[in-house]
Amino acid sequence: MDLAHMLAEARFYGAKSEPIESVDVVSETPAGEARLLIVRVNGRDLYQVLIDADGHDVLTTSPELYLAARDLPQGDTRAIDGEQSNTSLIVGGQMVKVFRHLEPGLNPDVELLSRIADCPNIAPVRDWVSETIDGEEHTLAMVQDFVPDADDGWRYALGFAEHAAPFGPEASLLGESTRCVHEALAGAFERGVDKPSFLRSLDDLVARAPVLEEYAAEARAFYEGLGDEVEVQRVHGDLHLGQVLRTPETYILIDFEGEPARPLAERRRPDSPLRDVAGILRSLDYAAAVAGADQQWAQDAGAAFLDGYGVERSPLLDAYVLDKALYEVVYESNNRPDWVEIPLQAVRRILG
């Protein structure tokens, strides 16, 4: 199997809508009977792969070869199922996250979590591996504490919604956990003020999803009625129920890379903490819709989350919720057309 075909079939390859015209090997490291490669696709995108003699990527089936080649923790190893953009390996009491798509600069997962290791609502980063490519540092992998006995936040919330069970106490605890992480980030990184990019985002999203055209004028008027600047800091950037773990004691926030479709420079830019708050509110709405629960379930859970976080509903928060819902319309239009009505309903509610 050649590299182009292997990449086109790989779950972690993120540009499946474009043909692969060239694959160039940038670096090669021996890894037992395999080869650890960094390749450049179409002269632009860098990917990290572990290739056997037949040309297959074997990182999930032979992870010990990767760990030895990168001089990372050894021991009983298994790969986490279901991941798409990266590959995570459990090694004893630690987790090794291997970044498949490489970008110049320190990965936000490493950058943020290594600076707030004392926060009780994250899994601290203990080590990472990087390589200089074309004169710039690229993060290849990181080692962080493994969180045992934890439930996936999305599945956990969905179970409540499916049985119409009140999620208020859980949502309140999640709000407290999110606030704790935001306070830790505010203390570790510089804060400031900035002008939200709602209008620029609106134009881009409407262009990508024609179904949004009928809402564009109302959304523009809504955004123009807001103030000019907001307080900003480093945030998670892509927070939803699938990015949290429920342990017996609390919630742990994970995957601090930000929205994978955005360039790394944008993902590292400070933003309002309300960006993350809005992400959880939209995720609760999705849980209700997918489970067939009524809207009241999501509203009650959302109110409890805001109470636990310590913030009230406001036009500015609604602006971030609207921005997220508009983004979801574009995503669902391209990937799950049957679901597009879920975020469209949120757009209609906010715009009245």
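**Group meeting: a walk through the predicted model**

Let's start with His 101, which is partly exposed at 33% relative accessibility; by that I mean between the cut-offs of under 20% relative accessible area for buried and over 50% for exposed, with a 1.4 Å probe and protein chains only. This is a predicted model, so local features need pLDDT of at least 70, side-chain atom pairs count only at pLDDT 80 or more, and totals for chains, interfaces and linings use all residues. Residues are numbered from 1 along each chain as its sequence is written, and side-chain values use heavy atoms, with hydrogens and water left out.

Back to the histidine. His 101 sits in strand β7, residues 101-102. When I say strand or helix, those are DSSP runs numbered from the N terminus: H or I with at least four residues for helices, E with at least two for strands. Who touches His 101, if we leave aside neighbours within four places in sequence? That would be Asp 45, Leu 46, Tyr 47 and Ser 85, where contact means heavy atoms within 4.5 Å. Ile 38 is 63 residues away from His 101 along the chain, yet their C-alpha atoms are separated by 9.6 Å.

Now let's zoom out. The protein has 12 helices and 14 strands. Its radius of gyration is 21 Å, close to the 20 Å that the globule rule gives for 352 residues, so the protein is as compact as a globular protein of that length. For that one, we take C-alpha atoms, and the rule is 2.2 Å times the number of residues to the power 0.38. Along the principal axes, the C-alpha atoms fill a box of roughly 60 × 45 × 40 Å. Of the 352 residues, 51% are buried. If you take contacts with a separation of 6 or more, 64% of them involve residues 24 or more positions apart. The accessible surface comes to about 16400 Å², and 46% of that belongs to carbon and sulfur atoms; the areas are Shrake-Rupley with a 1.4 Å probe, and for residues only the protein chains shown count as cover.

On to charges. We have 31 positive and 63 negative ones, and their mean positions are 3 Å apart. Lys and Arg count as positive, Asp and Glu as negative, with His and the chain ends not counted. Each charge is placed at NZ of Lys, CZ of Arg, CG of Asp or CD of Glu.

How many salt bridges does a search of the whole structure find? It finds 27, a salt bridge being a side-chain nitrogen of Lys or Arg within 4 Å of a carboxyl oxygen of Asp or Glu. One of them joins Asp 134 and Arg 40, at 2.4 Å from N to O. Asp 134 is in the loop between β8 (125-133) and β9 (136-145), and Arg 40 is in strand β2 (residues 34-41), so this pair ties together parts 94 residues apart in sequence. Asp 134 itself is exposed, at 61% relative accessible area.

Another one pairs Asp 203 with Arg 220, with the closest N and O atoms 2.4 Å apart. Here the link runs from helix α6 (residues 198-208) to helix α7 (residues 213-224), so it ties together parts 17 residues apart in sequence. Both partners are partly exposed: Asp 203 at 42% and Arg 220 at 30%.

Arg 348 bridges to Glu 341 with N and O 2.5 Å apart at the closest. Helix α12 covers residues 341-351, and its buried residues include Ile 342, Leu 344, Val 347 and Ile 350. What do the buried residues of α12 pack against? They pack against α7, α9 (274-291) and α11 (315-335). Just after the helix, Gly 352 takes a positive phi of about 75°.

Speaking of phi: most residues other than glycine have a negative phi. Asn 42, which is not a glycine, has a positive one of about 55°, and you'll find Asn 42 in the loop between β2 and β3 (45-51). Asp 149 also has a positive phi, about 50°. Asp 149 lies in the loop between β9 and β10 (151-152) and is exposed, at 68%.

Is Gln 144 buried or exposed? Buried, at 6% relative accessibility. Beyond its neighbours within four places in sequence, Gln 144 has contacts that include Gln 94, Met 95, Leu 113 and Arg 126.
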